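Here is a short briefing on one chain. Please look over the sequence and the structure before reading on.

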Amino acid sequence: MPESALTYFWLCLSALAAGVVNAVAGGGTLLTFPALISAGGLSEVAANGTSTVALVPGSLAGAWGYRRECAELPRWALLLMLPSLVGGALGTYLVIAFPESYFKALVPWLILTAAVLFLLQPTLTRLTGVGAAHAPATATTRAAVVVFQFLVAVYGGYFGAGIGILMITSLSLMGLGDLRHVNALKTLLAAFINGVSIVMWVIDGRVNWNYALSMAAAAVVGGLVGAHFGRKLPRAVVRGIVIAIGFGVAGYYLARQFGVVT
């Protein structure tokens, strides 16, 4: 098999797997980002932009799938749309505007943060009581959620892995109660963050479109597969695989950063 075809094979395989795990547990960026660096030969910043473009169709499809639930939450969607868009744009701008060495130095810690978030997801969900009935959110709670959503969006625009967990944690405090509504609003806000991020990556011109389009198609297939078989797959197993990959990749980049490996 020619090298270029082998490269596309591995990249599309990573995107296919990312689509599956995003549909089942989340964390697809932890698969596509390192694949674009190792197999695709892209820089960290170009890999970040290309990965975002490749995976966003799945995010948009998810938002469309939750359209009925989102229609029941117009006030919350409007309240959190602006901080999502502004924060996502700011986060992407920080990656683009500052020297690439800054982002490269932060990559291991960003991946480690995402892996820790996935590891703690069950605990965070239990502590916030997603799915339980909550009292209506106070004005103070709403203001705190808006600020937190802005910070999540900045992180999402900068890197993005784990934003779903962060949003579930904060959105569950707003009195929505129903897990379907929490997931629907989370998915819609993620589409806002990723959408504005894509616009900025396209303008910047550092997206590898050959990779991005091929991976996007594979990710959509993976998302459909994940949605179809998601109920049959043990979620704990899928999460465990993603967490193991996250810690493994973070460990590798940390070792490379400190000169343990080359």
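**Briefing: a buried isoleucine and a helix pair**

I111 sits in helix 6, which spans residues 100-128. The model is predicted. Its mean pLDDT over the chain is 81.

**Surroundings of I111**
- I111 is buried, because its relative accessible area is 1%, under the 20% cut-off.
- Beyond neighbours within four places in sequence, I111 is in contact with L30, F33, F159, G246, V249, A250 and Y253.
- I245 lies 134 residues from I111 along the chain.

**Helix 7 and helix 8**
- Helix 7 covers residues 139-158, and helix 8 covers residues 163-171.
- Their axes come within 10 Å and cross at roughly 180°.
- That angle is over 145 degrees, so helix 7 runs roughly antiparallel to helix 8.
- On the helix 7 side, the contact uses V145, F148, Q149, V152, Y155 and G156.
- These meet I163, L166, M167 and S170 in helix 8.
- The residues of this contact comprise seven nonpolar, three polar and no charged.

**Confidence**
- A pLDDT of 70 or more is reached by 82% of the chain's residues.
- Confidence is highest in helix 5 (residues 74-97), with a mean of 91.
- Confidence is lowest in helix 4 (residues 67-71), with a mean of 72.
- Where pLDDT is low, predicted coordinates should not be read in detail.

Methods. Residues numbered from 1 in each chain as written. Predicted model: local features only at pLDDT ≥ 70, side-chain atom pairs only at ≥ 80, totals over all residues. Heavy atoms only, no water. Helix = DSSP H or I, 4+ residues; strand = E, 2+ residues; numbered from the N terminus. Buried < 20%, exposed > 50% of the residue type's maximum accessible area, 1.4 Å probe, protein only. Contact = heavy atoms within 4.5 Å. Axes fitted to C-alpha atoms, helices over the stretch in contact; angles between N-to-C directions. Parallel < 35°, antiparallel > 145°, perpendicular 65-115°, else oblique. Nonpolar A, V, L, I, M, F, W, Y, C, P; charged D, E, K, R; others polar. pLDDT = per-residue confidence, 0-100.
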